[in-house]
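Here's a quick briefing to read alongside the model. Have the viewer open, and let's walk through it topic by topic.

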Amino acid sequence: RKLAKACAPVEELAPPVPAAPPPLFRNATEETNLVMGLNTSFKVQLGRSDAVLYLAFDSVLNFTGDAIVNAANVECLGGGGIDGAVNALGGHVLKQARFALPLIGDTHKRCETGDAKITVAGGLPCSYVIHAIGPNFVYSETEHEVELQLLESVYKNSMDRARENQIKSVGFCILSAGIYRGSCPLSVVIKTGLLVIARHAYPGLQTVVFCGFTSEE
């Protein structure tokens, strides 16, 4: 009996079933708070980190945390809208820091579309500004495939700059939500940003505030 048992074929064990990854968002609550200078109305835990995401109806320029994400252009020196307001509040120190960003080859660009650069914040109430170059949907095809890939890239690169600089709190404006949005639905632009932020939350990140400035946002 012992010999027969020893010679019996070994039953193959079923491979272990991998555990499902945690959800990107959990414990969502609607509550009013003042978070680092911003009026927030919604709070959610980023499921794959210890960070908390707040939704705010406010200007990211009021953020008093570590860094804000600014909607910039490829020259990275300043433009209209929020970019112009960032320059005005940041003053000479911020303008000089932006000018000091190296040019890319023989071009006028300091940052490619889909990428992000970081500088000091000058007179702004935060410490850093992450200058993010979102895509322009205005002249794109209906499906917006290329632009949405670039939008994912610019949020990822913004989070990468924050992680590289050990930033614990970051405030986002909504990238490519203004004159660059074209016919792309605002809901798609916002959903893309929130999903990428959640996927790229990193150890040490504590607070993200995602700011809608207009009533539509």
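This is a predicted model: local features need pLDDT of at least 70, side-chain atom pairs count only at pLDDT 80 or more; totals for chains, interfaces and linings use all residues.

**The chain as a whole**

- Reading from the N terminus, the elements go α-β-β-β-β-α-β-β-α-β-α-β.
- The radius of gyration is 22 Å, whereas a compact globule of 217 residues would come out near 17 Å.
- Along the principal axes, the C-alpha atoms take up a box of roughly 90 × 45 × 35 Å.
- Of the 217 residues in the chain, 43% are buried.
- If you look at contacts with a separation of 6 or more, 61% of them join residues 24 or more positions apart.
- The chain's accessible surface is about 11900 Å², and carbon and sulfur atoms supply 55% of that.

**Helix α2, the bent one**

- How far does helix α2 (residues 81-99) span between its end C-alpha atoms? The span is only 19 Å, while a straight helix of 19 residues would reach 27 Å at 1.5 Å a residue.
- There's a bend in α2 of about 120°, and it sits at Gly91.
- Gly91 also turns up among the buried residues of α2, along with Asp83, Val86, Asn87, Gly90, Leu94, Ala97 and Arg98.
- Those buried residues pack against three strands: β4 (67-71), β5 (116-120) and β6 (128-132).

**Strand β4 and its partners**

- Strand β4 is mostly covered, with four of its five residues buried.
- One partner is β6, which pairs with β4 in the parallel sense over five bridges. Within β6, Ile130 is the residue opposite Val69.
- Another partner is strand β7 (residues 169-172), again in the parallel sense, this time over three bridges. Here Ile68 has Gly171 of β7 as its bridge partner.

- The buried set in α4 is Leu186, Val189, Ile190, Thr192, Gly193, Leu194, Val196, Ile197 and Ala198.
- Cover for those residues comes from several elements, including β1 (25-35), β2 (38-46), β3, α3 (145-164), β7 and β8.

- Is Ser59 buried or exposed? Ser59 counts as buried, because its relative accessible area is 15% and the cut-off for buried is under 20%.
- Setting aside residues up to four places away in sequence, Ser59 touches Leu38 and Phe213.
- Gln206 sits in the loop between α4 (186-199) and β8 (207-212).
- At a relative accessible area of 45%, Gln206 is partly exposed.
- Apart from neighbours within four places in sequence, Gln206 makes contact with Asp50, Ala51, Val52 and Lys168.

**Positive phi angles**

- Most residues other than glycine have a negative phi, so the next two are worth a look in the viewer.
- Asn27 isn't a glycine, yet its phi is positive, near 55°. You'll find Asn27 in strand β1.
- Asn27 counts as exposed, because its relative accessibility is 55% and exposed means over 50%.
- Ser176 isn't a glycine either, and it has a positive phi of about 60°. Its place is the loop between β7 and α4.
- Ser176 is buried, with a relative accessible area of 7%.

Terms used:
Residues are numbered from 1 along each chain as its sequence is written. Side-chain values use heavy atoms; hydrogens and water are left out. Helices (H or I, at least four residues) and strands (E, at least two) are DSSP runs, numbered from the N terminus. Buried means under 20% relative accessible area, exposed over 50%, partly exposed in between (1.4 Å probe, protein chains only). Contact means heavy atoms within 4.5 Å. The expected span of a helix is 1.5 Å times one less than its number of residues. The bend at a residue is the angle between axes fitted to the seven residues ending there and the seven starting there. Two strands pair if DSSP finds at least two bridges between them. The radius of gyration is taken over C-alpha atoms; the globule rule is 2.2 Å times the number of residues to the power 0.38. Accessible areas come from the Shrake-Rupley method with a 1.4 Å probe; for residues, only the protein chains shown count as cover.
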